[in-house]
Amino acid sequence: MINLTLPYPPTVNHYWKSSVKRVTANKSRVVTRVSDQGKAFAEHVFWLVREQKANQKLQGNLKIEVNIYVPDNRRRDIDNLCKSLFDALQKAGVYLDDTQIKDYRMIHCGVVKGGKVVLSIEEIEL
C-alpha cells in the first residue's frame, strides 16, 4: 500500500485551458490543453512522490481512497479533483496508467488552510 500527502489539486475547471486556433482565414478550432496551473501541480506531485518514495509503477488493478481537506468553506464538487490528481500520480510513476483505477472513494474531511489530499493506493484483485 502507498500512502501519500499531496497539495490540494486544481479542479477540472482549472486543469484545462482552451484557446481558439485559426486554421484558415475562414476557419478556426478550439484547442484544449493542460493549463499552466495543471502542469505546475503535476510537477510538484512528481517531486513529492519521489521524496515519499512512492514511484513504484504499480501494474495491477487499483483501489484509491482520497481524503480531501478543502482550503476554505466554499461549496465544492469534490469529484472535480479526480482528473488532475490521477493524471499527476500517473506522470509521477505511482502507477502505469490511470485506467488501472477500478475502485476509488473521495471523502470530504473538512477545512485545512491551503488544502491538501491524503491518499492510500493499493493493488486489488477483481
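1. A search of the whole structure turns up zero disulfides, a disulfide being a pair of cysteine sulfur atoms within 2.5 Å. Keep in mind that this is a predicted model, where local features need pLDDT of at least 70, side-chain atom pairs count only at pLDDT 80 or more, and totals for chains, interfaces and linings use all residues. Residues are numbered from 1 along each chain as its sequence is written, and side-chain values use heavy atoms, with hydrogens and water left out.

2. Cys-82 is in no disulfide, and the nearest cysteine sulfur, that of Cys-109, sits 14 Å away. Cys-82 is buried at 8% relative accessible area, while Cys-109 comes out partly exposed at 32%. Here buried means under 20% relative accessible area, exposed over 50%, and partly exposed in between (1.4 Å probe, protein chains only).

3. On to the sheet. Four strands make an open, mixed sheet in the order S1-S6-S4-S5. Strands are DSSP runs of E, at least two residues, numbered from the N terminus, and two of them pair if DSSP finds at least two bridges between them.

4. The edges are S1 (2-7) and S5 (101-111), each pairing on one side only. From one strand to the next, the twist averages 20°, using axes fitted as lines to C-alpha atoms and angles that run from 0 to 180 degrees between N-to-C directions.

5. Have a look at S1 and S6 too: S6 covers residues 116-124, and six bridges join these two antiparallel strands. Leu-4 stands opposite Leu-119 in S6.
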